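This briefing concerns a predicted model and is arranged by topic. Please consult the sequence and the structure below while reading.

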Amino acid sequence: HVHILFWFSFGIAVISTAVWVRDHHSKAIKVEQQLAMASTAYSPFSVAASAEFIASQSQSVSINQNGVKNAAARLQSVPLHSGFGARDALEPLGLDDNAVLEWIFLVDTMNFCFWSDEPTLFTVEYREQTWTGYRAMVAAFAKAVEAGIPVYRPAYFREATYNQLSSIFASTTHVTIPLLNERVKILHETGRVLDERFSGSVKQLVAAARGSVQKLIGLLTQNFSSYCDVAYYKGRQVHFLKRAQIFAADVWSRFGGKGIGEFDDIDSITMFADYRVPQCLCYLGVLEYSPELSRRLRAGGHLPVGSEEEVEIRGCSIAAVERIRSLLSAKSPRGQLVTSAQIDFYLWNFAKTHSNEMEDYPIHRTLTVFY
């Protein structure tokens, strides 16, 4: 096998910050955010390879091969869409291609941590509908654009204040959007880096990847610390890169794989390791948790970011979806592309629409800016 390695110099920096925020019960909780940015060999398959390593060492999470086969059979009977079509109902109307790229970058930069310790979630009313969680955030931004606030413009990223974002994210429930302070800081950093390194242009950032998903992911993780979604497990650095991968997938999907959205290696993307898809994989019998981990999650306990249990849930989820994809690809008509991103989009939407059925399979709760 020939492995082509892309070397990105992240410098040697480990940033560890302890931030106090208010949780949904107005109690102070400590969030340890570790953004590890180190010189590393970046392989196009580093996320998948990381996942297989984690799955081979995992103690608290396992992959049920019969569950993998059953899930593959289930997905074989449903249409797998490119993804963004089911997610862009809230995209503001009338945006040109540059503005669409900026919009996607905004929502993917803010796409993390929407869970609540309460039954109620962060909620937004828009277009006579009620939106919760991630979709509530997107709806809030769409309302702002409709009100004439250019939230998707990189210049706005740099200038947005806490009070402005707090107003934009006004919830119709008492549960507010989590980690608002962190969101403000990340928007500021993102706007500054875009300005300093990419002439304030998301299009220039995407174009610099020259049609390669993996180069785009490398640019994101090299330049934007909140996209550098890595951890250390059993003495090794492992990669998840959830939001970097989903940005590339969203650009590909939204533009139909054409023009700025054309990538010749789109099938190298894995699933996007969050907290909702693992829940769905447990429900489908693909993932199995140890009794101790199950007890902890059912009790509503939080898993620290970078803990072995959290890393194992994310890593085994990626490895499981890769195995599902392998089975689907083997049974698909020749030339038909099956991507892990398509499987992820299906599982995420299935989890959202069947949430009541999944109450016995709790999500894992981790306060993090990575997902």
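Two strands are taken as paired if DSSP finds at least two bridges between them. Helices (H or I, at least four residues) and strands (E, at least two) are DSSP runs, numbered from the N terminus. The model is predicted, so local features need pLDDT of at least 70 and side-chain atom pairs count only at pLDDT 80 or more, while totals for chains, interfaces and linings use all residues. Residues are numbered from 1 along each chain as its sequence is written, and side-chain values use heavy atoms, with hydrogens and water left out.

- Strands β6 (residues 123-126) and β7 (residues 129-132) run antiparallel and are joined by four bridges.
- Y126 stands opposite Q129 of β7.
- Two residues lie between the strands of this hairpin, where R127 adopts a positive phi near 55°.

**Helix α1**

- S46, V47, S50, A51, F53 and I54 are the buried residues of α1; buried means under 20% relative accessible area, exposed over 50% and partly exposed in between (1.4 Å probe, protein chains only).
- These buried residues fall within an arc of 165° seen down the axis of α1, so they line one face of the helix; the arc is that of the directions from the helix axis to the C-beta atoms.

**Largest pocket**

- A pocket is an open set of points on a 1 Å grid over the protein atoms alone, where a 1.4 Å probe fits, with protein on both sides within 12 Å along at least five of seven lines.
- The largest pocket has a volume of about 610 Å³, the volume being the space filled by probe spheres set on the points.
- Its lining comprises 23 residues (each with an atom within 4 Å of a point), of which P119, L121, R276, Q279 and S355 lie nearest the centre.
- β7, α11 (276-283) and α14 (340-353) each contribute at least two residues to this lining.
- The lining divides into nine nonpolar, seven polar and seven charged residues.

**Positive phi in loops**

- S199, in the loop between α7 (180-197) and α8 (202-207), has a positive phi near 55° and is exposed, with a relative accessible area of 59%.
- R210, in the loop between α8 and α9 (213-223), has a positive phi of about 50° and is exposed, with a relative accessible area of 72%.

Terms used:
Nonpolar A, V, L, I, M, F, W, Y, C, P; charged D, E, K, R; others polar.
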